[in-house]
Amino acid sequence: MNTGLDDSEIIGKVLRGESQLYAELVKRYQNFVFTITLRYTTQREDAEEIAQDVFIKAYRNLADFRGESKFSTWLYTIVNTTCITFLRKKKLDIHSLDNEQVFEVADSVDSGFRANQIEQKSKVQMVNKAIQLLSADDAKVITLFYKGEQSLDEISKILGIDPNTVKVKLHRARARLKDKMQKHFAEEVKDVLN
Amino acid sequence: MTYFKYSPQEDSGAGQPDMEARLWDYIDGNSSAEERGFVEKLIESNQQWKLRYQELLDVNQLLAGSLELDAPSLRFTKNVMEEISKYTIAPATKSYIDKKIIWGIAIFFFTMIFGFLVYMLGQIDWSAATGSEKIIPQNLKNIEWSKYFNNTYTNIFLMVNTILGLMLLDMYLGKKKKQLNQRHSG
């Protein structure tokens, strides 16, 4: 179902009682919301549960969206707070660069990559696997900037931090990603290029 | 593409992070016109800057073009729509939070604090004190707390605060009750 309406038009109609149109907003943003939630938890079931919770919260508070920012920026703010609340409740470990688990994941991804080198010789897979090796914070900033179509100012609103801090975080995240690719996928990069 | 031709180990000078930050600003379009011109000149004239710029540009292109989004299960939209059918859209926060009330509460508290300070300062015998050490009591045990808590003003202050606390508790419980009712009716 593609209504041809923009986000604010859909929101207006939903607020006037056409709640079925909300499905269009869910379809538009579900992949992005789900990807961000997956940065916090490796369990797809948990990520889907959080993503569902995000859309329910957004629906219930839709009247509070005043159109001062993009709907996506407002929605991603809910994603951020919901993920943090979920992790606090479940007491799950946020991926951290200092976390041993990350290095275990890194090793398994690395060996998996080598084992299936022929099948996985693609830039897309390499980048997405390297992203998995980053901390949730780094992966989130990169995803928001490159896939969420959010400016530094908008990311700062979503995360509730200063735009300059976002800029520094983004620089560092990209540097770490580059390091991860150098460390784990240097050979594959050469293969991709040849 | 020049992936990783420039290794961080090759140059770990002090200017390295600064160079990267400036190049990222240039790539992202966040630098000023003056800075852009300066960086452009450096990229043209300096081999080290040129290599690093090409490397970062590759990473940028890789991220812009190769980052994929994960998709939830096929039933995801349906699940969300089924779930939201149980709820109603809550009224906008703006409609039930009256700014006048918030301002009223803030003014009340500031007036109370100000009044209390004026009263306390009024109790100090300034003429008896020659140095700051005399204002501060030598032994806290010597303070007659009953003198302050038997005071009418203090009692009024405590009573008003208790009433306000009870009002806040009532508001909180009322909100919880309303949410519960909404859930049951939804």
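A salt bridge is taken here as a side-chain nitrogen of Lys or Arg within 4 Å of a carboxyl oxygen of Asp or Glu. By that rule A:Lys178 forms a salt bridge with B:Glu20, with the closest N and O atoms 3.5 Å apart. The model is predicted, so local features need pLDDT of at least 70 and side-chain atom pairs count only at pLDDT 80 or more, while totals for chains, interfaces and linings use all residues. Residues are numbered from 1 along each chain as its sequence is written, chains are lettered from A and ligands numbered from 1 in the order in which they are written, and side-chain values use heavy atoms, with hydrogens and water left out.

**Interface between the chains**

- Contact, meaning heavy atoms within 4.5 Å, links 49 residues of chain A with 43 residues of chain B.
- The buried area, which is the accessible area (1.4 Å probe) that two parts lose on being put together, summed over both, is about 4,300 Å² between chain A and chain B, and carbon and sulfur atoms give 66% of it.
- On the chain A side, A:Arg60, A:Tyr146 and A:Lys178 lose the most area to chain B, together 16% of what that side buries.

**Salt bridges**

- The count is 17 salt bridges over all chains, and 5 salt bridges are counted between chain A and chain B.
- A:Lys167 pairs with B:Asp25 at 3.5 Å between the closest N and O atoms; because A:Lys167 lies in helix H9 of chain A and B:Asp25 in helix H1 (residues 16-28) of chain B, the pair joins two chains.
- Helices (H or I, at least four residues) and strands (E, at least two) are DSSP runs, numbered from the N terminus.
- A:Arg174, found in helix H9 (residues 163-193) of chain A, forms a salt bridge with B:Asp28, the closest N and O atoms being 2.7 Å apart.
- Both A:Arg174 and B:Asp28 are buried, where buried means under 20% relative accessible area, exposed over 50%, and partly exposed in between (1.4 Å probe, protein chains only); for A:Arg174 the relative accessible area is 0%.
- Leaving out residues up to four places away in sequence, A:Arg174 touches A:Ile142, A:Phe145, A:Tyr146, B:Trp24, B:Asp28, B:Asn60 and B:Leu63.
- Within chain B, the side chains of B:Lys86 and B:Glu83 meet in a salt bridge (3.3 Å, N to O), and salt bridges that share partners join A:Lys178, B:Glu20, B:Arg52 and B:Glu55 into one network.

**Nonpolar core**

- A nonpolar core is a set of buried Ala, Val, Leu, Ile, Met, Phe, Trp, Tyr and Cys residues joined through side-chain atoms within 4.5 Å.
- The largest such core has 72 residues, and those with the most contacts inside it include A:Tyr22, A:Phe55, A:Ile142 and B:Leu63.
- Apart from its neighbours within four places in sequence, A:Tyr22 is in contact with residues of chain A, among them A:Val14 and A:Phe55, and with B:Val80, B:Met81 and B:Ile84.

**Helices**

- Chain B has 9 helices and 0 strands, and 23% of its 186 residues count as buried.
- In helix H1 (residues 7-15) of chain A, the buried residues are A:Asp7, A:Ile10, A:Ile11, A:Gly12 and A:Val14, and their cover includes helix H2 (22-40), helix H3 (44-60) and helix H4 (71-90) of chain A.
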